[in-house]
Amino acid sequence: MKNYSSENFLDLNAFRGTGEDPVYHPPVLTGRPRDWPLDRWEEAPRDLGYSDFSRYQWRGLRMLKDPDTQAALHDLVQEVRPRTIVELGVYSGGSLVWFRDLTKLMGIDCEVIGIDRDLSRCQIPDSEKTNISLREADCSDMATFEQFRDLAHPLIFIDDAHANTFNIMKWAVDNLLDQGDYFIIEDMIPYWHRYSPKLLVEYLAAFHKVLTMDMVYANASSQLDRGVFRRS
Ligand SMILES: C[S@@+](CC[C@H](N)C(=O)[O-])C[C@H]1O[C@@H](n2cnc3c(N)ncnc32)[C@H](O)[C@@H]1O
C-alpha cells in the first residue's frame, strides 16, 4: 500500500464524467448468462445487468453521447451543414470520429476540431484522422483559444469540457461565431440550474442580444437540455 506522504495526488475532479480509462470495453454481464433460456423467459431480469457508464461507442471508440443526443445532433448537422464542428473536450475521441463520419456521409466538406487540455487519452488511430484536427487548449487560459479565430462557417461549437464555460461562450460570441452558428452546452445546464439557479439565469440572460435558444433542439435530449444556442 502506498504512503500518503510520498504521493503526488491527481485531481479526481479531472476524471469526473469521463472515468480513468478512455478505452471502450464491451459490456460485461454480471450475475446472468448472455444466452437466456426461453423456457424461463418470464423470469429474465429487466435491468441492464452491466455498468451504464460510457456504454456507447462509435466504431470501437468510447463516445459520451447517448442515442437521443446523437439523433438530435444528426438532425442539427443535417440542417446546418457545418463547415466546422468544434468540440471542446475530446476524451477518447469517439464523438470526433462520429461527427467526421456523419458529415462525410452527408457529403459536407467539414473540418472537425477537437480541443482538450489533455489529449493523451485520445484513442483515434492516425489512420482515422482525416478531417479531424486535435488541438491543445485550456479553458482556464483564454489566450490558448486565440488559435481558433479563423474557421469556416457555418460552425457548431460544443462545450463538453464543462470548465469556465461562460467565459468560453463570451469568447466564442466575440471572436468566432457568425450569425446562424451554434454554441452548445452539453450535460451541465440541469446541474447548474439545480445548484446555482440565480447565477445561471443571470449569466444566460446576459447573452440575450447575441444568442437565442433553439427550441427545436433545446429539449431534444437530456444531455442537450436547454443548452442549444444560436448566434443572432
Ligand atoms: C466529457 S469529456 C469529453 C467527451 C467527448 N466530447 C465525447 O462526447 O465523447 C471532457 C473532456 O474535457 C477535458 N477538459 C476538462 N477540463 C478542461 C479544461 N479546463 N480545458 C480543456 N479541456 C478540459 C477533459 O480532459 C476531458 O477529456
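Let's start at Met213, which counts as partly exposed because its relative accessibility is 34%, and the cut-offs put anything under 20% as buried and over 50% as exposed. Keep in mind as you look around that this is a predicted model. Met213 sits in strand E8, which covers residues 211–213. Setting aside neighbours within four places in sequence, Met213 is in contact with Ala218, Arg226, Val228 and Phe229. If you jump back along the chain to Ile184, 29 residues apart from Met213, the two C-alpha atoms are separated by 9.6 Å.

Phe229 also turns up on the contact list of Asp181, so let's go there next. Asp181 is in the loop between helix H3 (165–175) and strand E7 (182–185). Not counting residues up to four places away, Asp181 touches His153, Pro154, Leu155, Leu176, Phe229, Arg230 and Arg231.

Now for the ligand. There are 18 residues around it, and Leu64, Lys65, Gly89, Asp116 and Asp160 come nearest. On the polar side, a backbone atom of Leu64 is 2.9 Å from a ligand oxygen, and a backbone N or O atom of Tyr91 lies 3.1 Å from a ligand oxygen. Asp138 uses its side chain instead, with an N or O atom 3.0 Å from a nitrogen of the ligand. Taken alone, the ligand exposes 610 Å², and the protein buries 95% of that.

Lys65 lies in the loop between strand E2 (61–62) and helix H1 (67–80), while Glu87 is in strand E3 (residues 84–88), so the pair ties together parts that are 22 residues apart in sequence. Both Lys65 and Glu87 are buried.

In total, the count comes to 15 salt bridges. Another one joins Arg40 to Glu43, with the closest N and O atoms 2.9 Å apart. Here Arg40 is partly exposed at 37%, and Glu43 is exposed at 52%. Lys129 and Asp126 also pair up, at 2.9 Å from N to O. Finally, salt bridges with shared partners join Arg59, Arg100, Asp101 and Glu128 into one network.

Conventions:
Residues are numbered from 1 along each chain as its sequence is written. This is a predicted model: local features need pLDDT of at least 70, side-chain atom pairs count only at pLDDT 80 or more; totals for chains, interfaces and linings use all residues. Side-chain values use heavy atoms; hydrogens and water are left out. Helices (H or I, at least four residues) and strands (E, at least two) are DSSP runs, numbered from the N terminus. Contact means heavy atoms within 4.5 Å. Buried means under 20% relative accessible area, exposed over 50%, partly exposed in between (1.4 Å probe, protein chains only). A residue is near a molecule or strand if one of its heavy atoms lies within 4 Å of it. A polar contact is a pair of N or O atoms within 3.5 Å; within protein, one must be able to donate a hydrogen and the other to accept it, and residues adjacent in sequence count only if both atoms are side-chain atoms. Accessible areas come from the Shrake-Rupley method with a 1.4 Å probe; for residues, only the protein chains shown count as cover. A salt bridge is a side-chain nitrogen of Lys or Arg within 4 Å of a carboxyl oxygen of Asp or Glu.
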